[in-house]
Amino acid sequence: MENTSVIVRVATPEDIHYSTIITDEMESSAKARGTGIAKRSPDYIEQKMREGKSVIAVTEEGVWVGFCYIETWSHGEYVANSGLIVAPEFRKSGIAKRIKERIFELSRTLFPDAKLFGLTTGLAVMKINSDLGYEPVTYSELTQDEAFWAGCKSCVNYDILMSKERKNCFCTAMLYDPKDHYQPEETAEDFKQHSKAYERLLRFKQSRFIKAFRKKNSGDNAGGGGGEKKKMFSLLNFFFNL
């Protein structure tokens, strides 16, 4: 759908009437994918709006289009742009990219020294993140804040995450470190060159997790990353680190 009439901006307390439709769409989208982000309540979304830590997209007529919010962990050392959701009729129109760009700018303004990270099961979001300068990393490079991982409990794949000792799951982890990162041109070019490999390996990763979980081999092959930086170009090492 044409998105020229869609406004992407920082959400305010005046937007709280959108909170229920946002959380309902988050839940239905997660169910449709069979994977998903942690479930959030309307109250939680409203809190983010009041704090100025979220971005909303609406039409000029006031129709809700999309949303994303900021979470902080480890005393502000890590920041996540979470809950990205776009109304079904506006998907594949470039709105998700606009929201991600705006929430990235807001995060960098509010928390200029924080490491920005995200977890995603979608190739499209991986591309958007790559365009912003994010790179794939192992889970060991994410926050180890217990509150963050507790937020995964409502995800349908939480048992798989725990069977892997929180070292891996369906989601791909991506990180932007303001003190040590590739330029967006580099990460975008890498994604372009390896997008087919990412797609195949994501499918393989999910297939392997399902097979392993069904066999209840929770303790086998649960190796994790060594925390080394700059693994962007080591696709096999990254994705087969199961």
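**Notes on a predicted model**

1. Let's start with a charged pair. Lys 97 and Asp 131 have side chains that meet in a salt bridge, with 3.9 Å from N to O. A salt bridge here is a side-chain nitrogen of Lys or Arg within 4 Å of a carboxyl oxygen of Asp or Glu. Lys 97 lies in helix 3 (residues 95-110) and Asp 131 in helix 4, so this pair ties together parts that are 34 residues apart in sequence. Helices (H or I, at least four residues) and strands (E, at least two) are DSSP runs, numbered from the N terminus.

2. Before going on, some ground rules. This is a predicted model, in which local features need pLDDT of at least 70, side-chain atom pairs count only at pLDDT 80 or more, and totals for chains, interfaces and linings use all residues. Residues are numbered from 1 along each chain as its sequence is written, and side-chain values use heavy atoms, with hydrogens and water left out.

3. How confident is the predictor? pLDDT is its confidence in each residue, from 0 to 100. The chain averages 81, and 77% of the residues score at least 70. Strand 2 (residues 54-59) has the highest confidence, at 98, while helix 8 (residues 235-239) has the lowest, at a mean of 43. Over residues 220-242 pLDDT stays under 50, though the model has 64 contacts there beyond four places in sequence; contact means heavy atoms within 4.5 Å. Where pLDDT is low, the predicted coordinates should not be read in detail.

4. Back to Asp 131, which has another partner. Its side chain also meets that of Lys 127 in a salt bridge (3.2 Å, N to O). Both residues lie in helix 4, 4 residues apart, about one turn of the helix. Through shared partners, Lys 97, Lys 127 and Asp 131 join into one network of salt bridges. How exposed are these residues? Buried means under 20% relative accessible area, exposed over 50%, and partly exposed in between (1.4 Å probe, protein chains only). Lys 97 is partly exposed at 36%, Lys 127 is partly exposed at 41%, and Asp 131 is partly exposed at 24%.

5. For contrast, look at Arg 9 and Asp 15. They form a salt bridge whose closest N and O atoms are 2.8 Å apart. Arg 9 is partly exposed, with a relative accessible area of 27%, but Asp 15 is buried, at 3%. Across the whole structure, a search finds 9 salt bridges.

6. Helix 4 (residues 123-132) has a buried side too: Met 126, Ile 128, Asn 129, Ser 130 and Leu 132 are its buried residues. The backbone oxygen of Ser 130 lies 2.5 Å from a polar atom of the side chain of Thr 187. Thr 187 is found in helix 7 (residues 184-214) and counts as buried, at 1% relative accessibility. Just after helix 4, Gly 133 takes a positive phi of about 110°.

7. Now the strands. Two strands pair if DSSP finds at least two bridges between them. Strand 2 and strand 3 are antiparallel over 5 bridges, and Val 58 stands opposite Trp 64 of strand 3. These two strands form a hairpin with 4 residues between them, and Gly 62 in the turn has a positive phi of about 95°. Strand 3 also runs antiparallel to strand 4 (residues 78-86), joined by 7 bridges, where Gly 66 has Val 86 of strand 4 as its bridge partner. This pair is a hairpin as well, again with 4 residues between the strands, and Ser 74 in the turn has a positive phi of about 55°.

8. Is strand 3 mostly buried or exposed? Of its 10 residues, 9 are buried, so the strand is largely enclosed by the rest of the structure.

9. Finally, the cores. A nonpolar core is a set of buried Ala, Val, Leu, Ile, Met, Phe, Trp, Tyr and Cys residues joined through side-chain atoms within 4.5 Å. The largest one has 37 residues, and Ile 22, Ile 56, Trp 64, Phe 67 and Ile 99 have the most contacts inside it. Strand 3 (residues 64-73) gives the largest share of this core, 6 residues. Beyond four places in sequence, Trp 64 touches residues including Tyr 18, Ile 22, Ile 56, Ile 85 and Phe 90. A second, separate core of 18 residues includes Val 137, Ile 160, Leu 161 and Leu 175.

Key. pLDDT = per-residue confidence, 0-100. Polar contact = N/O pair within 3.5 Å; in protein donor to acceptor, adjacent residues only side chain to side chain.
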